[in-house]
Amino acid sequence: ISSPFSFRPNISTPMFKKIKPGSRTESVVWGCLSFIGLVLLWQVLVIVTGTKLFPGPFVVLSRFFEAFVVPLGPYTLVGHVLWSLSRVLVGYTLAAVLGITLGLTMGWFPVVQAIFKPLFDLLRPIAPLAWIPLAILWLGIEERSKYFLIFVASFVPFTLNAYAGAVKTDRQLIGASRMLGSTERQLFFKIVVPSSVPSIFSGAQVALSNAWMTMLAAEMIRSSYGIGWVIIAGQQINDMSQMIAGMLAIGIVGFLLASGMRLLERRLLVWNNQGR
């Protein structure tokens, strides 16, 4: 029974055909609107409260873009970002090589699992930031301690997901390959490693996020350049706009890294539902 107060949009009209529900265009539109709404709400709160301790969004954005030209300490904002990314790259790459190797071998070779799995399970719950005092004591306050902390933060996700991928390899496929005369070496490199790639990519995304956050914490403790240093330097001179501009740079770079990893996964794993 229709009611004069009910309204049901006609989805066949051109207005509703332009944007499909759940489409990428719709996601972009709503994302932009939410960002604009956040900026407006931020500005309204600053005006209503009249606080001078927290700068408005346009002041922060102006300082953010100004930092691309005017140096903050030894480098501009782009230079600090590149230094932070270089630190992440070193620790992340080392963790990827060792973590994937350990995870795959633990998942396939019982002897390796018996030796290393108990040690890994013992160290895995320890948060990366808990290693900071030991890292400084062992490696000093320069770059090596930062590389070590980033390595620890990335190593666990890589190892866990590589191990899970190796363990979940299709046993029927392995049995069929053995019946056809495949050696253990062929089974490992031809079946176990390829079938573990989707799980490894999932671990790579988590590891990248952990590495980025841990790097910022390490830079805030002791550094002369980097995004973490930008925030601490702003705190030391009581420059709130510089601190928030640094936080904004952290969010943008983190978003770009996560988006790039997802795009890489979709391109390389088109054959897998998880990578679409």
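Predicted model: local features only at pLDDT ≥ 70, side-chain atom pairs only at ≥ 80, totals over all residues.
## Helix 8 and helix 9

Helix 8 passes helix 9 in a right-handed crossing; a crossing is right-handed if the near helix is turned clockwise from the far one by less than a right angle, and left-handed if anticlockwise. Axes are lines fitted to C-alpha atoms, for helices over the stretch in contact, and angles run from 0 to 180 degrees between N-to-C directions.

Leu173, Ile174, Ser177 and Arg178 of helix 8 make the contact with Glu184, Leu187 and Ile191 of helix 9, where contact means heavy atoms within 4.5 Å. By class, these residues are 4 nonpolar, 1 polar and 2 charged. Ala, Val, Leu, Ile, Met, Phe, Trp, Tyr, Cys and Pro count as nonpolar, Asp, Glu, Lys and Arg as charged, and the others, Gly among them, as polar.

## Basis of the model

Residues are numbered from 1 along each chain as its sequence is written. Local features need pLDDT of at least 70 and side-chain atom pairs count only at pLDDT 80 or more, while totals for chains, interfaces and linings use all residues; side-chain values use heavy atoms, with hydrogens and water left out.

## The chain as a whole

The chain contains 11 helices and 0 strands. Helices (H or I, at least four residues) and strands (E, at least two) are DSSP runs, numbered from the N terminus. Of the 276 residues, 37% are buried, that is, under 20% relative accessible area with a 1.4 Å probe and protein chains only; exposed means over 50%, and partly exposed lies in between. Among contacts with a separation of 6 or more, 68% join residues 24 or more positions apart.

## Helix 7 and its partners

The axes of helix 7 and helix 9 come within 7 Å and cross at roughly 160°. The two helices are therefore roughly antiparallel to each other, and their crossing is right-handed. The residues of this contact divide into 16 nonpolar, 10 polar and 2 charged.

Helix 5 (residues 110–123) and helix 7 (residues 143–167) have axes that come within 13 Å and cross at roughly 135°. That makes helix 5 oblique to helix 7, and the crossing is left-handed. Gln113, Lys117 and Phe120 of helix 5 meet Phe155, Val156, Thr159, Leu160 and Tyr163 of helix 7. This contact has 5 nonpolar, 2 polar and 1 charged residues.

Ser154 is found in helix 7 and is buried, with a relative accessible area of 0%. Leaving aside its neighbours within four places in sequence, Ser154 is in contact with Tyr92, Ala95, Ala207 and Ala211. Ser154 and Ala96 are 58 residues apart in sequence, yet their C-alpha atoms are 7.4 Å apart in space.

## Helix 2 and two positive phi angles

Helix 2 (residues 24–49) has 26 residues and reaches 37 Å from its first C-alpha to its last, close to the expected 38 Å; the expected span is 1.5 Å times one less than the number of residues. Gly50 follows helix 2 and has a positive phi, near 65°.

Most residues other than glycine have a negative phi. Asn238 is not a glycine, but its phi is positive, at about 60°. Asn238 lies in the loop between helix 10 (227–236) and helix 11 (240–268) and is exposed, with a relative accessible area of 68%.

Notes:
Parallel < 35°, antiparallel > 145°, perpendicular 65-115°, else oblique.
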